[in-house]
Amino acid sequence: MKFFIDTANLAQIKEANELGILDGVTTNPSLMAKEGIKGEKAIMDHYRTICEMVDGDISAEVISTDFAGMVEEGKKLAAIHPNIVVKVPMIKDGIKAIKWFTDNGIRTNCTLVFSAGQAILAAKAGATYLSPFLGRLDDSSWDGVELIAQIAQIYGVQGFKTQILAASIRTPLHIVKCAEAGADVCTCPLDSILGLLKHPLTDIGLAKFLEDAKKTMG
Ligand code: E4P
């Protein structure tokens with residue numbers, strides 16, 4: 001399973017990248033707004049900076065909701081860097097745009113996915129990645145991990161090549177469950193990635209080893 005970080009914060013991207021396990025970055029308009037990035041040039045520059053920091057796929061989201069607008073925006077985003085993946089919402093024109101991008105050699109990430117039916121449509125259109133939002137499903141008492149497993153089963157049986165990019169991750173346990181359910185990628189906040197490190201027995205064990213090591217130092 002690939003690890004992406006789900007943020008537009010450069011310090012967090014740097015910290016995750018320095019772990020050496022980062023395969024890419026996902027952003028969305030809310031994450032860009034959170035960093036105070038305003039205006040087309042600033043947005044484009046920010047994506048370019050992220051591409052220069054991380055050697056992996058970087059999702060950049062369109063904000064148009066009509067086919068022509070999405071295609072125009074997506075072409076501009078894809079021209080920033082070869083690692084850019086154009087993120088397109090799961091709406092009717094979005095599916096048309098994904099098919100257009102597929103036919104024109106531009107990679108896509110279909111976002112705001114909440115059902116297996118939507119996952120089938122995106123795969124038919126040739127999406128490179130599919131982003132089911134499991135945390136938001138959990139927030140409304142649906143089982144997000146179950147959706148990941150269902151899509152993995154369908155894609156496996158049907159031989160779809162679209163990669164399942166589990167999104168809207170809230171906890172380290174989500175990451176573990178997504179790995180178990182067959183996600184190809186997990187895009188996570190930094191805290192959830194770092195949460196995977198934690199176990200009290202590791203800390204207790206290390207403290208004891210260090211204490212005993214002092215005895216061996218003469
Ligand atoms: C990922 O691509 C999504 O933009 C993101 O994971 C959404 O997460 P949220 O539900 O925490 O906003």
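**Close-up views of helix packing in a predicted model**

**View 1. Helix α4 packs against helix α5.** Helix α4 (residues 67–78) and helix α5 (residues 92–103) meet at an angle of about 40°, and their axes lie 9 Å apart. α4 is therefore oblique to α5 (angles under 35 degrees count as roughly parallel, over 145 as roughly antiparallel, 65 to 115 as roughly perpendicular, and the rest as oblique). Axes are lines fitted to C-alpha atoms, for helices over the stretch in contact, and angles run from 0 to 180 degrees between N-to-C directions. Helices (H or I, at least four residues) and strands (E, at least two) are DSSP runs, numbered from the N terminus.

The model is predicted: local features need pLDDT of at least 70, side-chain atom pairs count only at pLDDT 80 or more, and totals for chains, interfaces and linings use all residues. Residues are numbered from 1 along each chain as its sequence is written, and side-chain values use heavy atoms, with hydrogens and water left out.

**View 2. Residues between α4 and α5.** α4 contributes Phe 67, Met 70, Val 71, Gly 74 and Lys 75 to the contact (heavy atoms within 4.5 Å). From α5 come Asp 93, Gly 94, Lys 96, Ala 97, Trp 100 and Phe 101. These contact residues divide into 6 nonpolar, 2 polar and 3 charged (Ala, Val, Leu, Ile, Met, Phe, Trp, Tyr, Cys and Pro count as nonpolar, Asp, Glu, Lys and Arg as charged, and the others, Gly among them, as polar).

**View 3. Helix α8 beside helix α9.** The axes of α8 (residues 144–158) and α9 (residues 172–181) come within 9 Å and cross at roughly 20°. The two helices are therefore roughly parallel to each other. Their crossing is right-handed. Val 145, Ile 148, Ala 149 and Ala 152 of α8 meet His 174, Lys 177, Cys 178 and Ala 181 of α9. This contact holds 6 nonpolar residues, 1 polar and 1 charged.

**View 4. The buried residues of α8.** Buried residues (under 20% relative accessible area, 1.4 Å probe, protein chains only) in α8 include Leu 147, Ile 151, Ile 154 and Tyr 155. Val 145, Ile 148 and Ala 152 are also buried. Among the elements that cover the buried residues of α8 are α6 (116–125), β6 (129–132), α7 (134–139), β7 (163–166) and α9.

**View 5. The whole chain.** The chain has 11 helices and 8 strands. Its C-alpha trace spans about 75 × 40 × 30 Å along its principal axes. Of the 218 residues, 46% are buried.

Key
Left-handed = near helix turned anticlockwise from the far one by under 90°. Buried < 20%, exposed > 50% of the residue type's maximum accessible area, 1.4 Å probe, protein only.
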